[in-house]
Amino acid sequence: MKATLILPVLKQDQIWKDQTKFEDIFDVDHFINYLKDDVRIVRDIPDWFTEKDELFTSIKRTVKNIPKYASAQFYIDNVLPRIKEKKIMSIKPFVDRLGYDNVPMEINRLRCRVNYHALKFLPDIEEMADKLAARMRNRTGSVNPYMALHLRFEKGMVGLSFCDFAGTREEKEMMAAYRQKEWPRRYKNGSHLWPLALQKRKEGRCPLEPGEIAIILRALGYTRGTQIYVASGQVYGGKNRMAPLRNMFPNLVTKEELASAAEMAPFRKHVTSLAALDFLVCLRSDAFVMTHGGNFAKLIMGARRYGGRHRLKSIKPDKGLMSKSLGDPHMGWAAFSDDVVITHQTRAGLPEPTFPNYDLWENPLTPCMCPTA
């Protein structure tokens with residue numbers, strides 16, 4: 001559209017309720033300078049614009065109802081005229097609102113330049129992440145590899161998934177009340193949720209529990225001595241829920257255990273700063289394992305592929321098949337272990353050709369990377 005970009009405003013997450021600003025975690029000067037030949041970027045809304053308070057609240061100033069995976073031509077025909085008319089407009093939401101296969105290849109290449117080069121964390125975040133990664137490698141007194149485990153089992157994620165998990169009757173009642181409060185339209189009267197939860201688990205749409213991922217890792221051959229960095233918020237169910245994982249893999253640590261309270265204090269101002277630390281430590285790991293989908297895990301998978309770290313494992317468990325295997329009372333350990341190993345031979349993070357509407361952030365091969373012979 002040849003429009004000027006005002007520094008992005010980060011969406012406030014419904015679960016984390018974080019109010020981080022773009023400049024709180026990203027190097028703004030680098031972002032603007034790196035993209036100067038691609039798009040004009042300004043830091044703030046111009047002084048001549050007198051309706052700043054309305055920019056993100058007024059219907060007149062917001063472009064909504066953009067279809068998912070819209071084409072480049074859609075923006076030229078429908079969004080650009082409104083920007084020309086109003087001079088300044090906000091566009092929201094912007095998740096999956098631009099297609100992959102219906103835009104010029106140069107636009108997809110620009111996405112990769114933005115994601116893997118222009119977006120750079122602030123120096124203090126980068127430095128702290130380097131320290132955490134170095135401490136992970138030297139926990140045993142000698143240099144050793146480490147695994148990063150992105151464990152998505154916070155209360156908000158468990159609630160939002162509307163899946164059923166092991167627990168006491170009291171826990172289930174409390175979770176039902178939480179879901180009814182936070183997502184009343186989806187909850188309704190709750191009568192339809194049990195069959196829905198079963199179906200979602202069969203389809204692999206439920207987060208893996210700590211105990212489930214522990215069994216999968218052991219089946220893949222990871223031993224009790226494996227050094228594991230856990231990237232996670234507060235795990236739902238606390239120590240009891242984490243016990244199976246910690247018992248099988250005692251060398252399990254978080255950033256809070258690797259760094260002092262004083263070191264972590266500057267990053268506690270924003271939840272996103274803590275997530276940025278986790279992101280970078282996961283990125284630098286020798287093996288990365290995700291337990292659920294989401295932007296965080298997808299971005300790490302994509303960045304590892306783009307940066308050549310696909311030579312190191314990035315494991316994306318087949319949750320649907322694992323649900324079936326874990327629920328089979330007649331399957332012995334040897335058969336289960338073979339099943340896990342065979343299933344995940346092709347799910348270890350190697351780049352794959354993209355296809356229409358495929359998530360470019362998770363797999364940047366086709367538009368961003370040169371294929372090798």
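Phe 279 is buried, with a relative accessible area of 15%, where buried means under 20% relative accessible area, exposed over 50% and partly exposed in between (1.4 Å probe, protein chains only). The model is predicted, so local features need pLDDT of at least 70 and side-chain atom pairs count only at pLDDT 80 or more, while totals for chains, interfaces and linings use all residues. Residues are numbered from 1 along each chain as its sequence is written, and side-chain values use heavy atoms, with hydrogens and water left out.

**Aromatic pairs**

- A search of the whole structure finds 13 aromatic pairs, counting rings of Phe, Tyr and Trp (its six-membered ring) whose centres lie within 6.5 Å, with planes under 30 degrees apart taken as stacked, over 60 as edge-to-face and the rest as tilted.
- The planes of Phe 121 and Phe 279 meet at 65° with the ring centres 6.0 Å apart, so this pair is edge-to-face.
- Phe 121, which is buried at a relative accessible area of 14%, belongs to a cluster linked by ring pairs that also holds Phe 22, Phe 26, Phe 31, Phe 279 and Phe 296.
- Phe 162 and Trp 183 form another edge-to-face pair, at 6.1 Å centre to centre and 70° between the planes, and both residues are buried.

**Charges over rings**

- Lys 155 lies over the face of Tyr 178, at 4.5 Å from the ring centre, the criterion being NZ of Lys or CZ of Arg within 6 Å of the ring centre and within 35 degrees of the ring normal.
- Arg 218 lies over the face of Phe 249, at 5.0 Å from the ring centre.
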